[in-house]
Amino acid sequence: MESAIEVKDLAKNYGEITAVDHISFEVRKGEIFGFLGPNGAGKTTTIRILTGVIRPDSGTATIMGYNVLKEPLKAKQIISVVPEMANAYIDLTAWQNLMLIGELYGVPKKERQETARHLLKEFGLYERRNHLVRGFSKGMKQKLILCMALMTEPQVLFLDEPTSGLDVESARLIRDTIRRYNEDGTTVFLSTHNMQEANKLCDRIAIINYGKIATVDSPENLRMESSSLKSVEVSFNKPVLANELSKILNVTETKKIGDKIRLYTNKPHNVINSLMDYTRSKSLMIVSLNTLAPTLEDVFIKLTKEHGKD
Ligand SMILES: Nc1ncnc2c1ncn2[C@@H]1O[C@H](COP(=O)(O)OP(=O)(O)OP(=O)(O)O)[C@@H](O)[C@H]1O
Ligand SMILES: [Mg+2]
């Protein structure tokens with residue numbers, strides 16, 4: 001058995017809303033697998049199904065061979081979760097929260113205390129260990145939740161947007177921790193809407209939107225696939241037809257967006273040079289000029305088209 005997670009045809013509706021639309025994928029043992037998608041894509045719903053919080057309408061999922069619907073306890077024993085919503089007890093201290101989790105998972109007292117001390121120090125929370133979580137900032141709570149998830153040594157670690165709302169340094173600390181646990185053998189399943197984060201961390205990324213998976217690939221391959229989605233956005237002091245600019249070399253598509261014209265290209269620098277020439281030859285002036293990276297939506301639309309889904 002080489003897969004850590006196997007998902008087949010998983011679906012979940014909330015009334016009229018399709019949160020997860022018959023998805024299938026596999027996470028290999030030892031990899032950091034990213035679930036990348038915009039708000040409302042179905043990331044949290046998928047994680048909730050996989051971690052046994054909610055039941056799917058149809059489909060199956062296994063974690064390390066355990067069916068999450070038929071053997072939920074066995075599956076839960078080998079995973080840890082950092083959920084979207086903080087779930088530390090606010091009327092307990094940081095220390096008490098960690099002791100409680102350790103006890104629940106049957107970690108011996110001495111080990112429990114050692115691990116907690118180590119984690120709290122690592123995340124800069126040790127000084128505040130005896131303070132009630134009620135008074136913790138959002139970022140401090142988020143770090144404590146990660147500490148709680150790491151009180152056991154999970155075989156599979158689920159993290160739902162673990163760095164959202166954190167400052168740069170805290171986000172980096174969390175990414176470093178994720179990498180280190182992964183190097184020690186933990187398989188990581190992580191959701192994010194941040195492409196850079198997925199690029200930095202993940203071995204493979206599934207792109208999800210509207211409950212569907214567009215593709216699963218390495219960050220490098222995804223970057224290559226989406227490179228033609230770069231664009232240059234320009235506006236002039238006088239009206240110019242988008243059509244006119246589509247003749248510029250290396251421009252694959254043009255779009256009028258308000259008073260700006262967007263030129264899609266995989267060679268933004270060449271296009272900018274050509275635009276300069278064009279401007280001079282027509283005695284125009286450039287009012288604004290921007291190079292844009294592809295958005296998640298752009299990549300998703302391109303990929304879904306290419307992969308023949310609707
Ligand atoms: N308990 C619920 N009741 C009704 N609709 C829900 C519920 N949970 C999720 N949904 C809907 O399912 C869809 C997917 O939601 P989900 O929370 O899985 O998205 P997400 O990818 O995690 O988004 P975000 O990045 O905003 O966290 C959304 O349209 C959402 O409104
Ligand atoms: Mg979510």
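The buried residues of H10 are Val271, Ser274 and Leu275, where buried denotes 20 or more other C-beta atoms within 10 Å of the residue's own, exposed 12 or fewer, and partly exposed a count in between, with C-beta atoms placed from the backbone. Because the three cover an arc of only 110° around the axis, they lie on the same side of H10; the arc is taken over the directions from the helix axis to the C-beta atoms. The model is a predicted one, in which local features require pLDDT of at least 70 and side-chain atom pairs pLDDT 80 or more, while totals for chains, interfaces and linings use all residues. Residues are numbered from 1 along each chain as its sequence is written, and chains are lettered from A and ligands numbered from 1 in the order in which they are written.

Helices (H or I, at least four residues) and strands (E, at least two) are DSSP runs numbered from the N terminus. The buried residues of H10 pack against strands E11 (231-236), E12 (251-257) and E13 (260-265), contact being C-beta atoms, placed from the backbone, within 7 Å. The face turned away from the buried side carries the exposed residues His269, Met276, Asp277 and Arg280. H10 is followed by Ser283, whose phi is positive, near 50°.

Around ligand 1 there are 13 residues, of which Tyr14, Ala19, Lys43, Thr44 and Thr45 come nearest; the criterion is a C-beta atom, placed from the backbone, within 6 Å. Strand E2 (17-28) and helix H1 (43-50) are the elements giving two or more residues to this shell, and H1 gives the most, with three.

Methods:
Contact = placed C-beta atoms within 7 Å.
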